[in-house]
Structure formats: C-alpha cells, structure tokens
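Colleague: I am new to this structure. Could you take me through the terms and how each one is applied?

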Amino acid sequence: MRTRPRVSARSRRAGGEEGPGDGALPPCYPFVAADIVRLCRPRDGGVWVDLGAGPGPVGLALLERCRSRIVLVDPNAESLSAARQEAADRGVADRIELACGRAEALPFADQSVDLVVSRGSIYFWDDQPRGIAEVYRVLREGGQAMIGGGLGRDYPHWARQEFIRRRHEGVQRKGPEAYAEFLRLRQPDTFAAWAQQAGVPSFEVEGEGGRPPGDPSAGLGIWLRFGRQGVTR
Ligand SMILES: C[S@@+](CC[C@H](N)C(=O)[O-])C[C@H]1O[C@@H](n2cnc3c(N)ncnc32)[C@H](O)[C@@H]1O
C-alpha cells in the first residue's frame, strides 16, 4: 500500500501545497531548495536574494540547507510580514532581510548579488524582460540566477501528479483563454524570448513547462538559468 507523508500544521503554514482538490500535499520547497543548491552551487556567505519570495518558503528552505543569509524581495508587504514571523518561528530571523520591491526595479547595486532565485513569481511580473535584465544587472561575476517554477526533481511522483492535476483543473475552470495563457507563460520558447529581449548573453531554459497531466515530461517545471560567467553545471 502506498503511504503518503503526513503534513504538519507548521509545514502547511510554511507553504505546504494545497490545491482545489482534497487534502494538503507535502511541501515542495525542500526539494526546490535542493535543486537550487545542486544546480547553482552557491557559496555560503554571499548575498542571496529570493525574488517574489511571498511568505518566504523558498528562501527559508534554502536557509535550512545552508549557512548563508538571504534577502526576501516582494511587492507585497503582508507576505513579507508573514515571512518574518515564519523565520522567527524557525529560529532564523537573524539570517533574513526583507525588501519591499519589484523585479523590474531591484533595490540592489550593479553586480552586488551572488544568487537570485525566484520561484512561481515571473508569471506575475508586469515586464518579464525588464525583470530579467534587472537580475542580470545585479549579478556579480560568478553569480547565478534561477528563475521559473517547479516542484523539485525529487518531489514524490504521486504528489507531483496530484499537484499538476489540481493546478491544471483549477486554471481550466477559469476558461480556455486563461488556460492557454497559463500554458503560454510556461513554454520554453516564452522564457527564451524574455531572456533574449532582456539582453542576457548566455542562458539555459530547463524543463518543459506547463505540460498537461499525463504528459511524461509534465512536472519538470521550467527554469531560466544564467550567470555572469555562464551557467554552473
Ligand atoms: C505565487 S507567489 C510565489 C511565492 C513563492 N516564491 C513560492 O514559490 O511559493 C508569487 C509572488 O510574486 C510576487 N510578485 C508579483 N509581481 C511581482 C513583481 N513584479 N516582482 C516581484 N515579485 C512579484 C507576488 O507578490 C507573490 O508573492
């Protein structure tokens, strides 16, 4: 019999995935953080940014794996307050900074940041090429950016399938135009066009994006990766 992990109240508050169907799914954020560390290989001690952090689930999951500090950036002050409370609950309040701001005008000096991660946010930006150009501007030599959406390579298969099913059903309920736009925003070609318009000289788009449930490539998510000196492998 397949057993499903229990989801604690704490992990739900910290971003356990809940969709329109029954029951909470396990949080994807530890798995996303593992992918970020595996792919970007950031060094502890640099300036790290979680862009479009919301209540901070990605940045806080990174702090649980690493000894660094992280700046959580979001235009929504209430989300940042929730992030502050969650960081205090986890005992890492002294390792975060909060910055109310938008991707299109990042509150950082040129070439001053070592890592920019952004999950589930780029779809909501007003101007994606401008936001990507801003991320490139603030990256230091050797800095890395990972922007997009996904559940993490090692997120349990059953939960991934269920998450995708709920997400697609939820968007489809908004109508065919909304669903088409949802898929368009998550296409590799869309991400590549944004990066080109942003003038990023070298980048990679990984994953297949918003594939329908049942598609074997569904669930890989989609990530734009770039760095000032190329993409780490
Ligand atoms: C779906 S939430 C993602 C939160 C979190 N990163 C996660 O993975 O769960 C999208 C976030 O993007 C933020 N956002 C919207 N427009 C933005 C912009 N122009 N620049 C930066 N963040 C933005 C929203 O306020 C929201 O917190």
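Modeller: Two strands pair if DSSP finds at least two bridges between them. Helices (H or I, at least four residues) and strands (E, at least two) are DSSP runs, numbered from the N terminus. This is a predicted model, in which local features need pLDDT of at least 70 and side-chain atom pairs count only at pLDDT 80 or more, while totals for chains, interfaces and linings use all residues. Residues are numbered from 1 along each chain as its sequence is written.

Colleague: How do you know that β6 and β7 pair?

Modeller: Strand β6 (residues 203–206) has four bridges with β7, in the antiparallel sense. The definition asks for at least two. Glu-204, for example, has Arg-225 in β7 as its bridge partner.

Colleague: How many bridges join β5 and β7?

Modeller: Six bridges, again antiparallel, with β5 covering residues 139–149. Gly-227 of β7 is the bridge partner of Gln-144.

Colleague: What makes β7 mostly covered?

Modeller: A residue is buried if 20 or more other C-beta atoms, placed from the backbone, lie within 10 Å of its own, exposed if 12 or fewer, and partly exposed in between. In β7 (residues 222–227), six of six residues are buried. Ile-222, Leu-224 and Phe-226 are buried on one side, and Trp-223, Arg-225 and Gly-227 on the other. In a regular strand the side chains alternate between the two faces of the sheet.

Colleague: Why is Arg-41 called exposed?

Modeller: Arg-41 counts as exposed because it has 11 C-beta neighbours inside 10 Å. Arg-41 lies in the loop between α2 (29–40) and β1 (47–51), and has a positive phi of about 45° although it is not a glycine. Most residues other than glycine have a negative phi.

Colleague: Why is Gln-111 called partly exposed?

Modeller: Gln-111 has 13 C-beta neighbours inside 10 Å, so it counts as partly exposed. Gln-111 is in the loop between β3 (96–100) and β4 (113–119), and its phi is also positive, about 50°.

Colleague: Which residues of α6 are buried?

Modeller: Ala-159, Arg-160, Phe-163, Ile-164 and His-168 are buried. Seen down the axis of α6, the buried residues fall within an arc of 155° (taken from the directions from the helix axis to the C-beta atoms), so they line one face of the helix.
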